[in-house]
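Welcome! Please take a moment to look over the sequence and the 3D view, and then we will walk through some features together.

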Amino acid sequence: MKISLTLNEKKIVVDAEPSETLLTVLRREQKFSVKCGCQKGFCGNCMVLLDGKTAPSCIIPIGMVRDCSVVTLEHFETYPEYDDIMTGFSQAGMHLCGYCNAGKILTAYEVITSTYRPEIQDLYRAIDGLAPCCTDRDTFANGILYAIASKHKREGKRTYGKK
């Protein structure tokens, strides 16, 4: 079946069975930032932005994304928020392993674009369940807080304690 969608800001048509997972189709399309992890939608290794929101591509049938926008980490790296996130992760001492990058980076993106100054418990809720393979929860949460500060600085917003 022919299914149209926008992948990384380019309109494409894929030939796939509607029940085939988005993850499988993305891998066939040479998008290797999405990795096969738990296959239950929890670990974040296959995370994408689906119409601007994080989504686990391993449990989404490709038929459900007809005419939707899908952004993979390969393209997200061109967003200004990517630099904010990487700056924040670096300041927190985070080192990503490469396998779980999509889940951690895109979850951070969702947090920094939806909350001006999140409470620590909100951060823990957002990151709980993601693959813990390369960093601990506190370091990850701190990385997101630093990313928020970097985003505020880039956008010219005052950060806490700064004039």
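Let's begin with Ile85, which touches Phe76, Ile105, Ala108, Tyr109, Ile112 and Ala147, leaving aside residues up to four places away in sequence. Keep in mind that this is a predicted model.

**The nonpolar cores**

- In soluble globular proteins, nonpolar side chains tend to be buried together.
- Here, the largest nonpolar core has 26 residues. Ile85 is one of those with the most contacts inside this core, along with Phe76, Phe89, Ile105, Ile127, Phe140 and Ile144.
- Which elements give two or more residues to this core? They are strand E3 and helices H2 (73–76), H3 (80–91), H4 (101–114), H5 (120–127) and H6 (137–155).
- Helix H4 gives the most to this core, with 7 residues.
- Apart from this core lies another one, of 20 residues, and among them are Ala16, Leu23, Cys68 and Val70.

**Helix H4, a mostly covered helix**

- Helix H4 has 14 residues, and 11 of them are buried.
- The buried residues in H4 are Asn101, Ala102, Gly103, Lys104, Ile105, Leu106, Thr107, Ala108, Tyr109, Val111 and Ile112.
- What covers the buried residues of H4? The cover includes strands E3 and E4 (53–56), as well as helices H2, H3, H5 and H6.
- From its first C-alpha to its last, H4 reaches 20 Å, close to the 20 Å expected at 1.5 Å a residue.

**Salt bridges**

- Side chains of opposite charge can pair when their charged atoms come close.
- How many salt bridges does the structure hold? There are 7.
- One of them joins Arg154 and Asp84, whose closest N and O atoms are 2.7 Å apart. Because Arg154 lies in helix H6 and Asp84 in helix H3, this pair ties together parts that are 70 residues apart in sequence.
- Are these two partners buried or exposed? Asp84 counts as buried, at 3% relative accessibility, whereas Arg154 counts as partly exposed, at 38%.
- Asp122 and Arg125 form another salt bridge, with their closest N and O atoms 2.5 Å apart. These two residues are 3 residues apart in helix H5, so about one helical turn separates them.
- An α-helix has 3.6 residues a turn, so residues three or four places apart point the same way.
- Asp122 is partly exposed, at 35% relative accessibility, while Arg125 is exposed, with a relative accessible area of 56%.
- Asp128 and Arg137 also meet through their side chains in a salt bridge, at 3.6 Å from N to O. Asp128 counts as partly exposed at 45% relative accessibility, and Arg137 is partly exposed too, at 40%.
- Salt bridges that share partners link Asp84, Lys151, Arg154 and Glu155 into one network.

**Lys35, a buried charge without a salt bridge**

- Where is Lys35? You will find Lys35 in the loop between helix H1 (22–28) and strand E3 (47–50).
- Lys35 is buried yet has no salt bridge. Its nearest side chain of opposite charge is Glu74, 6.8 Å away. A salt bridge needs the nitrogen and the carboxyl oxygen within 4 Å.
- A polar atom of the Lys35 side chain does lie 2.6 Å from the backbone oxygen of Phe32.
- Leaving aside residues up to four places away in sequence, Lys35 touches Leu23, Arg27, Asn45, Cys46, Gly98 and Tyr99.

**Two loop residues with positive phi**

- Most residues other than glycine have a negative phi, and most peptide bonds are trans.
- Asn8 has a positive phi near 55 degrees, in a residue other than glycine. Asn8 sits in the loop between strand E1 (2–7) and strand E2 (10–15).
- Asp51 is not a glycine either, and has a positive phi of about 50 degrees. The loop between E3 and E4 is the place of Asp51.
- Is each of these residues buried or exposed? Asn8 counts as buried, at 10% relative accessibility, whereas Asp51 is exposed, with a relative accessible area of 51%.

Terms used
Residues are numbered from 1 along each chain as its sequence is written. This is a predicted model: local features need pLDDT of at least 70, side-chain atom pairs count only at pLDDT 80 or more; totals for chains, interfaces and linings use all residues. Side-chain values use heavy atoms; hydrogens and water are left out. Helices (H or I, at least four residues) and strands (E, at least two) are DSSP runs, numbered from the N terminus. Buried means under 20% relative accessible area, exposed over 50%, partly exposed in between (1.4 Å probe, protein chains only). Lys and Arg count as positive and Asp and Glu as negative; His and the chain ends are not counted. A polar contact is a pair of N or O atoms within 3.5 Å; within protein, one must be able to donate a hydrogen and the other to accept it, and residues adjacent in sequence count only if both atoms are side-chain atoms. Contact means heavy atoms within 4.5 Å. A nonpolar core is a set of buried Ala, Val, Leu, Ile, Met, Phe, Trp, Tyr and Cys residues joined through side-chain atoms within 4.5 Å. The expected span of a helix is 1.5 Å times one less than its number of residues.
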